[in-house]
Amino acid sequence: MRGYFLLFTTSSALYAYELLKEMEAYKVSLVPTPREFSSDCGMAVYIEGEAMEMAMRCLDEHRIEYEFKSVS
Amino acid sequence: MIYLDNAATTFPKPPDVTEALVSFMTHVGANPGRSAHTLSIESATIMFQCRKALSKLIGQKDFLRTFFTMNATMAINTCLYGLLKEGDVVLATSLEHNALMRPLRMLEKTRGIKLRFIPSDVTCKLDTKAAKALAHGVKLIACVHGNNVTGALMPLDFFATLAREAGAYLLVDASQSAGLVEIDMEKEGIDMLCASAHKGLYAPMGLGFFSLSSRMDAIESFMQGGTGSRSEEEIQPELLPDKYESGTPNMLAIAGLLSALKWRESIGYEAMYAHEMRQRTQLREALKALDSVVVCDVHEAYATTGVLSWYPKAQSLSRVAQTLNNQYGILTRVGLHCSPATHKSIGTLPHGGTIRFSPSFFTTDEEIERVIWAMREMGQ
């Protein structure tokens, strides 16, 4: 599975990226927020891997607001 | 030259800080949080790491509640203007710096807030009995931690208890103490901690910060503008930290602060404080032995920073400071130190203030010996 975590501030994007990277279960990278998903001029976290609910739980536990957009 | 004006701005900075500035200007230089290209991410990462390290230093567990400003004055203004409404009552001390005093006086005029002040004696000892009576019904207790004239460290535990009992918020201006003495916002019950980065934190000028406790409701933003978030909206986002950080930040200073925080962590509070206190004690004892000067002592119940104030008994204050500068190469701060309230409280207003010695971690013992020698020679 792959997709984008859309975060709402640069700080939360970097925070999410740091946490997801530490999990070592996913391939993650910081990318420009795709225009088709948001008009924000910041960055999003691109993620590839299985069991995406684990990643979501991690962000929830750290009270990071996000939207997840799955891509094929 | 012997630089003894570190309470205004520490100088020199650790070599690592200068290197961080050069490195940022040479290799990064981009705006954080406005794009997602490589250099923008790198810049944003420096800011992110700095926010985390700074929050850790002050006992702020939620680092997204620590916000960068231009300086401590802007941080204090943001808190006061964001919190206070018409008719609110504020309790401060009679030892406040104008960074706090002037916005309070302006808000008194423009929003009709009510001000009360805790009296102090000439040694900066606060009248705690009066403070308890004055605290009734206040919304905010606002105080300086380290007094910039005398070095007196105000009793934060007393203020925290006072605020808790009064149901008030507690704002602390830690510009003179941050980096020198340990401050834990959570343990010490501080709701709004404000400070500058260019003093005891050894970062470049043009950077300050404030941090809000978890019990502090979000305050109004003082300044609005571009944040790189919610860009489709014309109203300021409520998201933290963006709500309080509009416009391009001083990334040079932030890169410098990150480096300074790593440097100071390798040294520790104990060594930094012991160094300044040893030098303050040496200077104080030497000055006390001179008949020609008066030392502004702090009450024995209070600890101090490295700051020491004094004034000549017979000569002009500015003339003495000028002689120190021109003849001996000793750089001091003379006058009222933007704190007329303190000078009024300690009785030095009629003298035009004091001369202030303020060493830093980089002031050597040899320099202190030369200052003492100069003072003795001038006293003869």
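Biologist: What makes you say that both faces of β13(B) are covered?

Modeller: Thr354(B) and Arg356(B) on one side are buried, and so are Ile355(B) and Phe357(B) on the other. Buried has a cut-off: 20 or more other C-beta atoms within 10 Å of the residue's own, with exposed at 12 or fewer, partly exposed in between, and C-beta atoms placed from the backbone. With buried residues on both sides, β13(B) counts as covered on both faces. In a regular strand the side chains alternate between the two faces of the sheet.

Modeller: Before we go on, this is a predicted model, where local features need pLDDT of at least 70, side-chain atom pairs count only at pLDDT 80 or more, and totals for chains, interfaces and linings use all residues. Residues are numbered from 1 along each chain as its sequence is written, while chains are lettered from A and ligands numbered from 1 in the order in which they are written.

Biologist: How do you know which strands pair with β13(B)?

Modeller: Pairing asks for at least two bridges found by DSSP. β10(B) has 3 bridges to β13(B), and strand β12 (residues 333-335) of chain B is also joined to β13(B) by 3. Both pairs meet the cut-off and run antiparallel. Ser309(B) sits opposite Arg356(B), and Val334(B) opposite Ile355(B). Strands here are DSSP runs of E, at least two residues long, and helices are runs of H or I with at least four, numbered from the N terminus.

Biologist: What is the length of helix α7 of chain B set against?

Modeller: The expected span is 1.5 Å times one less than the number of residues. α7(B) covers residues 251-267, which is 17 residues, and its first and last C-alpha are 24 Å apart, close to the expected 24 Å. After the helix comes Gly268(B), with a positive phi near 90°.

Biologist: Which elements cover the buried residues of α7(B)?

Modeller: Its buried residues include Met251(B), Leu257(B), Leu261(B) and Arg264(B). Among their cover are α1 (15-28), α2 (38-57), β2 (66-69) and α8 of chain B.

Biologist: Which domains does chain B have, and how many residues does each give to the contact?

Modeller: The bounds come from an automatic or database domain assignment. That gives domain 1 (2-10 + 268-379) and domain 2 (15-266). Contact means C-beta atoms, placed from the backbone, within 7 Å. By that rule domain 1 of chain B brings 31 residues and domain 2 of chain B brings 30. α10(B) gives the most to the domain 1 side, with 5 residues.

Biologist: How many residues of chain A are in contact with chain B?

Modeller: 13 residues of chain A are in contact with 17 of chain B. On the chain A side, α1 (10-23) and β2 (27-32) each supply at least two residues.

Biologist: Why is chain A called as compact as a globular protein of its length?

Modeller: The globule rule is 2.2 Å times the number of residues to the power 0.38, and the radius of gyration is taken over C-alpha atoms. For 72 residues the rule gives 11 Å, and chain A's radius of gyration is 11 Å, close to that value, so chain A is as compact as a globular protein of that length. Its pattern along the sequence is β-α-β-β-α-β, with 2 helices and 4 strands. Buried residues make up 40% of the 72.

Methods. Contact = placed C-beta atoms within 7 Å.
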